[in-house]
Amino acid sequence: RLTRALEHLELGQRDLAVRELAALAQRRVASRGVRVASRLNLAMLALAEGDGDAAVDWAEVPAPSSGAYAWAAVTRALGHLLRGAAPDEAEDWLQKAVSGPGARAVPPAAAAVRVLLVWRREGADEARRGAEELWNPGATTLHRAMLLVLRQASGDPVEDLRSDEVDGLLHGALGRASPELRPR
C-alpha cells in the first residue's frame, strides 16, 4: 500500500496518495516503519503546500531511535518557521535533527532551514553570508531559492541558481507561505 501511495504521487494523483498515506499513518496493523514513512511523506507534502501546521503535526514520530527522527525534526523545524512560531522552537528542532540518530542524512536540508532561521532572526545580510557559506552543489531547492532571492536583492547574478525546481518553489505554495521568498 505504501508503494502504491508513492506511485500515485509520481503519477500526479496527489489526493489519492494523501488518502492512502493518511490511512497507513494511522493503521495499527501497519508496521512502525510504514506508519513513520507515511507520516514523513505527508509532512513533506504539507511543507510543499506551505502548510506549517500540518507539517508539524504529521512529522511527529516516535522517540529518537531511527534515522527517520532526523528527517522529522528538520521537517518540524521548517514547519514551525512556516507557521510563524518563535524561532527558538525551530532552533530546538533543528538541533535535534543535526545531533540525533540519522543526522548524517540531513545536512543539506538542515542547512536550508538554518539559513531561513538566520534570516528571521538576524536579517537578510546575515542570511546571505550563511547561505553562501553553506552552499554547495548538493544544496536543496529551498537553499538555492533563498540564495537566489538574497542575491537578487543585492543585484548580483543568479543564473547559476535558476532551475525549474527553484522557480516552482518560489512561485508555489511554499514560496508564498514564507515571507522571505515572496516576490518583491
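1. A residue is called buried in this note when its relative accessible area is under 20%, exposed when that value is over 50%, and partly exposed in between. By that criterion tryptophan 93, at 13% relative accessibility, counts as buried. The structure under discussion is a predicted model, and the remarks below should be read accordingly.

2. Overall fold. The protein contains 11 helices and 0 strands. Read from the N terminus, the order of elements is α-α-α-α-α-α-α-α-α-α-α. The radius of gyration is 16 Å, close to the 16 Å that the globule rule gives for 184 residues, so the protein is as compact as a globular protein of that length. Along the principal axes, the C-alpha atoms fill a box of roughly 55 × 35 × 30 Å.

3. Of the 184 residues in the protein, 46% are buried. Among contacts with a separation of 6 or more, 50% are between residues 24 or more positions apart.

4. Charge. The protein carries 24 positive and 25 negative side chains. The centres of these two sets lie 7 Å apart.

5. The aromatic pair. How many aromatic pairs does a search of the whole structure find? The search finds 1. The pair is formed by tyrosine 69 and tryptophan 93, with 6.5 Å centre to centre and 50° between the planes, and is classed as tilted. The angle explains the class: planes under 30 degrees apart count as stacked and over 60 as edge-to-face, so the rest count as tilted. Tyrosine 69 lies in helix α5 (residues 68–82) and tryptophan 93 in helix α6, so the pair ties together parts that are 24 residues apart in sequence. Tyrosine 69 has a relative accessibility of 11% and therefore counts as buried; tryptophan 93, at 13%, is likewise buried.

6. Glutamate 91. Helix α6 spans residues 87–99 and includes glutamate 91. Is this glutamate 91 buried or exposed? Glutamate 91 has a relative accessible area of 15%, so it is buried. Not counting residues up to four places away in sequence, glutamate 91 touches Arg114, Leu117 and Arg121.

7. Valine 18. This residue is placed in helix α2 (residues 14–25). With a relative accessibility of 21%, valine 18 counts as partly exposed. Neighbours within four places in sequence aside, valine 18 is in contact with Leu42 and Leu45. Valine 18 and alanine 112 are 94 residues apart in sequence, and their C-alpha atoms are 26 Å apart in space.

8. Arginine 35. Helix α3 holds arginine 35. Which residues is arginine 35 in contact with, leaving aside neighbours within four places in sequence? They are Leu24, Ala25, Arg27, Arg28 and Ala30. From arginine 35 to histidine 143 the separation is 108 residues in sequence and 29 Å in space, C-alpha to C-alpha.

9. Glycine 50. The loop between α3 (32–48) and α4 (52–58) is where glycine 50 is found. Its relative accessible area is 19%, and the cut-off for burial is under 20%, so glycine 50 is classed as buried. Apart from neighbours within four places in sequence, glycine 50 is in contact with Leu82, Ala173, Leu174 and Ala177. Glycine 50 and aspartate 164 are 114 residues apart in sequence, with 18 Å between their C-alpha atoms.

10. Leucine 170. Helix α10 (residues 164–171) contains leucine 170. At 9% relative accessibility, leucine 170 is counted as buried. Leaving aside neighbours within four places in sequence, its contacts are Ala145, Leu148, Val149, Gly175, Arg176 and Leu181. Leucine 170 and arginine 14 stand 156 residues apart in sequence and 20 Å apart in space, C-alpha to C-alpha.

Conventions. Residues are numbered from 1 along each chain as its sequence is written. This is a predicted model: local features need pLDDT of at least 70, side-chain atom pairs count only at pLDDT 80 or more; totals for chains, interfaces and linings use all residues. Side-chain values use heavy atoms; hydrogens and water are left out. Helices (H or I, at least four residues) and strands (E, at least two) are DSSP runs, numbered from the N terminus. The radius of gyration is taken over C-alpha atoms; the globule rule is 2.2 Å times the number of residues to the power 0.38. Buried means under 20% relative accessible area, exposed over 50%, partly exposed in between (1.4 Å probe, protein chains only). Contact means heavy atoms within 4.5 Å. Lys and Arg count as positive and Asp and Glu as negative; His and the chain ends are not counted. The place of a charge is taken as NZ of Lys, CZ of Arg, CG of Asp or CD of Glu. Rings of Phe, Tyr and Trp (its six-membered ring) pair if their centres lie within 6.5 Å; planes under 30 degrees apart count as stacked, over 60 as edge-to-face and the rest as tilted.
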